[in-house]
Amino acid sequence: MTTPTTSVLSDEILGQLEKQAIELPSWAFGNSGTRFKVFATPGTPRDPFEKISDAAQVNKLTALAPSVALHIPWDLVDSFDDLRKHAEDNGVELGTINSNTFQDDDYKFGALTHEDAAIRQKAIDHHLACIDVMDATGSRDLKIWLAEGSNYPGQADMRGRQDRLNESLQKIYDRLSGEQRLVLEYKFFEPAFYHTDVPDWGTSYAQVATLGERAMVCLDTGHHAPGTNIEFIVMQLLRLGKLGSFDFNSRFYADDDLIVGAADPFQLFRIVFEVIRGGGYANPDVAFMLDQCHNVENKILGQIRSVLNVQEMTARALLVDQEALRAAQVSGDVLGANAVFMDAFYTDVRPALAEWRESRGLPADPMAAYLASGYQEKIEAERVGGVQAGWGA
Ligand code: PSV
Ligand code: MN
C-alpha cells in the first residue's frame, strides 16, 4: 500500500475542514462512571474553571474545539462573567447551556409535564434561570433533555403530559431573546422504561414546530434503538430545517456515552455525509457537540480522540465524489453508487491530516503532544485536596 500524502485531501476539502468546530461538554472532564462505581482520577477538575482549563487543552492541540457546553446546576459559579473571561483567556468560549431537571426529588413524576402546576412552574423557572446564565455567558443555545416518562402501562396520562409539555416549553421559549435558541433532545428510554415524553425525533419535532422558528431538535447519536438508521433522521431534520444540534457519542448497548466514532466509525461517516449533503456542515445552525463521559480512560485524551475521530470521518465524507454518486444513482447503478461511497470511507486520511496540522503550526499527533506537554503531570500535582467534580457535580 502506498502512503497517502496531502494530495488525498484537496485544498478545497482542507478549506472545508478548517471551518470545523466541535463543542466539548464540561462534564466530560469530571469523574463519571456507571451506577456501580464512579472512579476517582488524579488531576480531575474541582470546579468549572478547571474544567474549562482542561477543555482549552483540547482546542490548543487540535484547533477543533473552540467552545465548551455547561450543565446547570453542575456548573453554577458565583460569577459567569469571571467564567466567561477565564474561557476567553484560555482561547475558548462558553457554549450551549444544558438544563437539568433530573436530579431533584420534586421531579420524580415529571418536571415540565408534571400534574402539579407548582412543580411545573419550578421546572420552568429553572429554565428561565438557565436563560439568565445564557445572557451572562453569551451562549446561543438552551439544550433541554427531559428525564420524564412512566414505568408501567396505565401509570400516566401520556396525552395530558404532551399537552403540558407543550405549554411549559412555550413559556420557556417565549423568554428567549435575540439569536437565542431552544434545542429539544430526545431519547427513547431511560430513566423511564415504559414511556418517555420525548422519545424520538418525531415527538421532538412535533413539540418544537409549534414553538417558533428558533426551536430546533437535538440529535444525540446514543439515543436510538439498535439498528436505527440515524442518517435518515439527519436527512429528514435538515430537510425540515429543524436540525439544531448533535450530541455525538458512541453506543454499543444503551446510552453508553463512549467516544464518538469508537463503536461504529462507518455510522459516523454516514451521518456526517448526510450533514454535508443536506447543507448542515459548517453551518452555524447545526451545532456539533460531544456528549460523552470518560469513565476509565484519560479524560483530556478521550476528548482529543473524539474530536479527531469527527474530523477524520468528516474528511472522508468530504471525499465522496458527489457527481459520480449522483450519476450512478440516476442510472440505477446500485453497486457503482455503493462503490463511490465506500471508496471515500476506506480512504485513510490520517497521514494527510497530520501533515496539514503541522503546516498550520499544530502538532501532527495531538495525542502524543498532550502526553509530552507536561499538563497532565501539572494538574495531578496541583489539584490535590478539594472535591473533584463529577458527572452530577
Ligand atoms: C441524557 O442522557 C443526556 O444525553 C442529556 O444530553 C444530558 O444533558 C446528558 O446526557 C447528561 O450527561
Ligand atoms: Mn445528550
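Colleague: Is the crossing in which H2 passes H3 left-handed or right-handed?

Modeller: This is a predicted model, in which local features need pLDDT of at least 70 and side-chain atom pairs count only at pLDDT 80 or more, while totals for chains, interfaces and linings use all residues. Residues are numbered from 1 along each chain as its sequence is written, chains are lettered from A and ligands numbered from 1 in the order written, and side-chain values use heavy atoms, without hydrogens and water. A crossing is left-handed if the near helix is turned anticlockwise from the far one by less than a right angle, and right-handed if clockwise. H2 passes H3 in a crossing that is right-handed.

Colleague: Are H2 and H3 roughly parallel or roughly perpendicular to each other?

Modeller: Helices (H or I, at least four residues) and strands (E, at least two) are DSSP runs, numbered from the N terminus. The axes of H2 and H3 are 9 Å apart, at an angle of about 20°; axes are lines fitted to C-alpha atoms, for helices over the stretch in contact, and angles run from 0 to 180 degrees between N-to-C directions. Angles under 35 degrees count as roughly parallel, over 145 as roughly antiparallel, 65 to 115 as roughly perpendicular and the rest as oblique. H2 and H3 are therefore roughly parallel.

Colleague: Which residues in H3 do Pro48, Phe49, Ile52 and Ser53 in H2 meet?

Modeller: Contact means heavy atoms within 4.5 Å. The partners in H3 of these H2 residues are Asp82, Leu83, His86 and Ala87.

Colleague: Which proline is joined to isoleucine 72 by a cis peptide bond?

Modeller: Most peptide bonds are trans. The bond from isoleucine 72 is cis, with omega near 20°. Its second residue lies in the loop between strand E2 (67-71) and helix H3 (80-89), and is proline 73.

Colleague: What is omega of the bond between glutamate 190 and proline 191?

Modeller: Proline 191 sits in the loop between strand E6 (181-185) and strand E7 (195-196). The bond joining proline 191 to glutamate 190 is cis, with an omega of about 10°.

Colleague: How are H9 and H12 arranged, roughly parallel or roughly perpendicular?

Modeller: Helix H9 (residues 299-318) and helix H12 (residues 350-359) pack with axes 10 Å apart, at an angle of about 110°. Leu308, Gln311, Glu312 and Ala315 in H9 meet Arg350, Leu353, Trp356 and Arg357 in H12, and the crossing is right-handed. The two helices are therefore roughly perpendicular.

Colleague: At what angle do H7 and H8 pack?

Modeller: The crossing of H7 and H8 is right-handed. Ile230, Glu231, Val234, Met235 and Leu238 in H7 meet Gln267, Arg270, Ile271, Glu274 and Val275 in H8. The axes are 9 Å apart, and the angle is about 15°.
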